[in-house]
Amino acid sequence: MNNNSFPFSDLIAGYVTRFDLQKGPYGTFALKTSNGKEFEVTLTSMTDAELVRNLGEPYYDCTPQMRVMLVPNCYLFVYGIFYHEMDRHKYEAKHIVFLSRDENDYVFEKQDWWINQVRCLANFYLKAQFEDGEIDYSKYRTNIGLIGTKEISNRQETDTLSRVIYGFATAYLMTGEDRYLEAAEKGIEYLRENMRFLAEGEGICYWYHAVDVMPDGRKQKIFSSEFGDDYDAIPAYEQIYALVGPTQTYRVTGDPDIIDDIKLTVNLFKRYFLDKTDKGGFFSHIDPITLSPYSETLGHNRAKKNWNSVGDHAPAYLINLWLATGCDEYADLLEYTFDTIEKHFPDYEHSPFVQERFYEDWSHDTTWGWQQNRAVVGHNLKISWNLMRMHHLKPKEKYVALAEKIADIMPKVASDQQRGGWYDVVERILESGQEIHRFVWHDRKAWWQQEQAILAYLILAGSLGKSEYHKLARESAAFYNAWFLDYAAGGIYFNVLANGHPYLLGNERGKGSHSMSGYHAFELAYLACVYTNLLLTKKPMDLYFKPKPGAFKDNILRVAPDILPPGSVRIGEVWINRQPYYDFDTENLTVKLPCTQDELKVRVRLIPTQVLFDATLLELTEGTAKISLSGLLHADAVRSLQEELERVMTQPVKRLVLLVQNLKCISNAGLRVLILAKQKLGANVDIYVVGANDYVLHFFKNSAFCDSIIVLDRYEAVEMVSV
């Protein structure tokens with residue numbers, strides 16, 4: 001019998017339960033995994049430690065203070081070696097990854113963690129595709145290698161190009177950096193010119209599978225899919241993902257040409273993919289000539305339905321389309337897709353996993369291609385995540401019930417409860433004598449399936465307030481941020497081994513392929529930021545828009561970041577072209593844009609409804625820092641102001657401008673923060689207070705702080721004062 005008597009290395013993820021400095025020459029600690037198993041971990045003279053870091057950040061060595069950081073309830077990763085001695089395994093730590101400086105301060109829950117990550121991702125794809133030069137999509141290639149170089153291929157796949165456009169549009173939405181929007185808009189233009197088939201007479205639009213760019217610049221159109229199981233068909237998921245980039249860009253700009261393409265593609269779905277019989281749902285493939293799902297040429301894809309053809313509409317484009325338009329047609333289509341999922345996908349009499357592939361009549365297709373009767377872990381989690389979004393739009397208890405059922409079942413059957421992270425594809429059914437669902441190919445963990453878990457548990461925690469969901473969200477985000485970020489080359493690894501080490505072979509070595517582009521990593525960064533800040537940690541979040549003149553109906557810009565619990569978020573402040581703007585609906589999350597032909601850049605600060613004070617660093621340029629203060633600066637709110645001032649103090653500044661038109665009152669604690677900041681900034685830095693009301697001015701005068709500041713009525717006056 002194999003008793004594993006040989007030494008082997010492995011990863012353990014868990015919570016510190018105790019630390020004994022006196023045991024052994026260097027101390028030991030106990031680590032309890034998510035499923036309750038406890039390991040004794042021995043420290044050695046060669047054990048080192050780090051704090052998890054974001055893309056673009058340096059290595060944070062925690063080795064000198066690691067014993068101080070080993071506090072109860074601290075969640076961490078340990079990579080070490082098991083030695084079988086004296087009839088038991090002894091585990092010696094070689095490397096420790098901390099997720100926080102104490103038991104509850106997770107670094108990936110910082111207000112700007114995901115914003116910084118998305119900026120690094122956008123810069124990676126800009127460099128990979130355009131070599132830091134002009135944004136020219138004739139240079140775009142689907143296949144990108146590990147270090148961001150283009151592999152030998154002339155292929156430009158439509159849905160992967162659309163996905164990288166999504167990434168750039170999302171990066172602009174989160175940062176307001178114009179180069180990202182330039183990349184998105186130029187990508188849209190290229191997509192429309194080269195990949196779009198506009199059938200105006202039929203009132204539909206559909207998209208080529210790909211374009212091959214010849215060495216002499218000529219372009220060969222690839223109409224039907226040339227990818228594996230979809231060969232010579234038009235698969236629904238390719239048409240769906242052709243809209244992911246345009247729709248996200250439309251949220252930012254309102255470009256009328258984009259919405260026209262989207263509407264015509266939705267017509268395609270309704271006319272040719274939709275099963276108009278009482279069976280309902282969407283077919284997975286149609287014939288490229290007849291546009292029929294019943295054509296014999298489709299082979300094993302004839303008259304079939306699957307998760308992608310039904311469920312992917314919502315996260316890929318339909319939710320974002322509703323967010324941008326508020327149109328009832330799209331809300332109804334969303335409801336139709338989720339009602340279909342709730343009705344046909346659960347199969348809990350036979351398996352803890354949903355069914356994903358169907359014949360026309362919704363009977364189960366358990367023999368199709370590679371999937372057979374197998375479960376994709378991420379699809380289960382994706383259903384849970386999106387059901388909660390839909391529940392916020394059209395509340396139905398059956399949505400919440402299924403979302404929670406999936407969320408409660410999945411950890412035991414689909415996650416790695418010793419090392420952390422989520423598996424890929426497993427057998428849906430246990431064979432006789434089996435207790436663990438078998439891996440189909442491997443026990444590796446794909447980046448996109450980690451995304452689905454993180455977002456599912458974040459939105460469940462933020463919506464339902466259950467601590468267990470928050471715990472699972474943190475553990476999932478911890479694994480992703482600890483092991484999927486490529487600090488050396490940039491970007492995100494496609495797959496890691498069960499122990500977190502990157503898997504760098506074959507198609508899974510690269511950062512761009514038929515399966516991977518910008519979409520999932522950017523979507524995770526965006527929505528993890530939304531759910532963490534606005535629902536869990538109760539921190540503000542800024543979004544940026546650049547609407548074209550008259551683009552949005554009635555000049556109404558809709559700025560809801562996602563379909564969140566009703567009443568959970570409000571607009572705090574709005575700036576247009578860096579100036580405060582006041583024509584907005586706080587509760588309905590809309591901005592009434594000015595009627596003008598001028599270019600508008602809109603910055604919107606979204607605030608959780610429970611937050612009564614907000615401090616926003618608007619800009620830090622040419623030695624001038626501008627911070628907007630609004631609400632009630634009471635003693636419990638001073639930390640928010642301190643954080644913004646700390647950001648200022650990391651840069652050389654000559655002038656600090658406090659815009660306080662919307663500050664209703666200030667406490668003595670708030671004044672002490674400003675007085676200390678003035679002391680730290682020094683005598684050569686002037687502080688301007690702009691637009692203070694009588695109540696706030698009274699506090700400044702009573703503190704004798706007015707001698708240290710310059711009080712002004714109007715923001716414009718700041719620009720005229722010589723320092």
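Student: Let's start with strands. How do β2 and β3 pair, and over how many bridges?

Tutor: Here's the general idea to keep in mind: in a regular strand, side chains alternate between the two faces of the sheet. In this predicted model, β2 (residues 28-32) runs antiparallel to β3 (residues 38-42), and five bridges link them.

Student: What about β3 and β7, parallel or antiparallel?

Tutor: Parallel this time: β3 and β7 (residues 88-98) share two bridges. Find Val41, and you'll see that its bridge partner in β7 is Tyr91.

Student: Which strands make up the open sheet that includes β26, and in what order?

Tutor: The order is β22-β26-β25, with antiparallel pairing. β22 (556-558) and β25 (584-585) are the edge strands, each pairing on one side only. β22 and β26 (residues 590-592) are joined over three bridges, and Ile556 stands opposite Lys592.

Student: Now helices. Why does the length of α4 make sense?

Tutor: Count along the axis. α4 (residues 178-194) has 17 residues, and at 1.5 Å a residue it should span 24 Å; the end C-alpha atoms are 24 Å apart, so the two agree.

Student: And which residues of α4 are buried?

Tutor: An α-helix has 3.6 residues a turn, so residues three or four places apart point the same way. In α4, the buried ones include Tyr180, Ala183, Ala184, Gly187, Ile188 and Leu191.

Student: Which residues touch the most other members of the largest nonpolar core?

Tutor: The background is that nonpolar side chains tend to be buried together in soluble globular proteins. Here the largest core has 201 residues, and Phe77 and Phe98 touch the most other members. Helix α15 (residues 519-536) is the top contributor, giving 13 residues. Another core, of 34 residues, lies apart from it, with Ile627 and Val685 among its members. As for Phe77, setting aside neighbours within four places in sequence, its contacts include Leu11, Val97, Phe479 and Trp483.

Student: Last one: where is Ser138, and what does it touch?

Tutor: Look in the loop between α2 (113-130) and β8 (155-157). Its relative accessible area is 27%, so Ser138 counts as partly exposed. Beyond four places in sequence, Ser138 touches Gln156, Tyr190 and Val213. The side chains of Ser138 and Asp136 also make a polar contact of 2.8 Å.

Definitions and conventions: Residues numbered from 1 in each chain as written. Predicted model: local features only at pLDDT ≥ 70, side-chain atom pairs only at ≥ 80, totals over all residues. Heavy atoms only, no water. Pairing = 2+ DSSP bridges. Helix = DSSP H or I, 4+ residues; strand = E, 2+ residues; numbered from the N terminus. Core = buried A, V, L, I, M, F, W, Y, C linked by side-chain atoms within 4.5 Å. Buried < 20%, exposed > 50% of the residue type's maximum accessible area, 1.4 Å probe, protein only. Contact = heavy atoms within 4.5 Å. Expected span 1.5 Å × (residues − 1). Polar contact = N/O pair within 3.5 Å; in protein donor to acceptor, adjacent residues only side chain to side chain.
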